[in-house]
Amino acid sequence: MLNYERTDVPVTGYDTMVKGKLVEMLENTDGLAISALYRTLVEEVTARTNDTTEYSSIEDIYARKSLSRKNLADVISAAENRRGILDSWSIIEDELKDAGRSIAFRIRLKTQTITHLRGCTNRSARSVTLSEIVNKPLATIEAALMECDKLLPVVDTVKAQLQMSELSSYDAIEIDAAIFVELFEAMNGK
């Protein structure tokens, strides 16, 4: 049986409202980045929403398509342990400096990284598509990722494996930002 419930969640700006509700709900929780929790929740809900498997029992439906209290506790726990790329930006900044990248490039890259993260959080088709394209070569070098001591050579390896025909509508800085974001996520277990 389906049950519809009217909520006060707006059609546009829902992300801001949800983040505000999370802040209210978790205001006494130390060390929890609301943006990390929000991203983790969006990923969990998206994965369950995109699951098109046909289930034979109501228990399977509940297990695969809904979020229980335990699932939510697990999501909060994952968010507490999750560090985003911006939390560790100084590592990237230092490596870019050492490689001789200009301050203008470093600022543009960080700005584009924020834009890409925001686009992924909001499920922007452009950002999600770019993430999917970048993740293809990352999957093939997963073992090497865990052993790398510098990020720029890995970024170059990923770029070399990309199908440039898929990326014709993206600027080079957009591609770099997406590679850094997806690389960081792959190294930190999403």
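Author: First, the setting. The model is predicted. The chain has ten helices and zero strands. From the N terminus on, the order is α-α-α-α-α-α-α-α-α-α. Of the 190 residues, 36% count as buried.

Now the salt bridges. Side chains of opposite charge can pair when their charged atoms come close. The count here is four salt bridges. Three of them are described below, one at a time.

Start with glutamate 93 and arginine 106. Their closest N and O atoms lie 2.7 Å apart. Glutamate 93 sits in helix α5, residues 89-98, and arginine 106 in helix α6, residues 103-121. The two are 13 residues apart, and the pair links distant parts of the chain. Glutamate 93 has 17% relative accessibility, so this residue counts as buried. Arginine 106 counts as buried because its relative accessibility is 10%. The cut-off for buried is under 20%.

Next, arginine 126 and glutamate 174. These side chains meet in a salt bridge of 3.0 Å, N to O. Arginine 126 belongs to helix α7, residues 125-140, while glutamate 174 belongs to helix α10, residues 172-187. The separation is 48 residues, and here too distant parts of the chain are linked. The two ends have their own labels. Arginine 126 has 37% relative accessibility, so this residue counts as partly exposed. Glutamate 174 stands at 11%, so this residue counts as buried.

Then lysine 159 and aspartate 176. The closest N and O atoms of this salt bridge are 2.6 Å apart. Lysine 159 lies in helix α9, residues 152-161. Aspartate 176 lies in helix α10. They are 17 residues apart, and the pair again links distant parts of the chain. Lysine 159 is partly exposed, because its relative accessible area is 33%. Aspartate 176 is buried, because its relative accessibility is 7%.

Helix α10 holds glutamate 174, the partner of arginine 126 in helix α7. Helix α10 also holds aspartate 176, the partner of lysine 159 in helix α9. The pair of glutamate 93 and arginine 106 joins helix α5 to helix α6.

Technical notes: Residues are numbered from 1 along each chain as its sequence is written. This is a predicted model: local features need pLDDT of at least 70, side-chain atom pairs count only at pLDDT 80 or more; totals for chains, interfaces and linings use all residues. Side-chain values use heavy atoms; hydrogens and water are left out. Helices (H or I, at least four residues) and strands (E, at least two) are DSSP runs, numbered from the N terminus. Buried means under 20% relative accessible area, exposed over 50%, partly exposed in between (1.4 Å probe, protein chains only).
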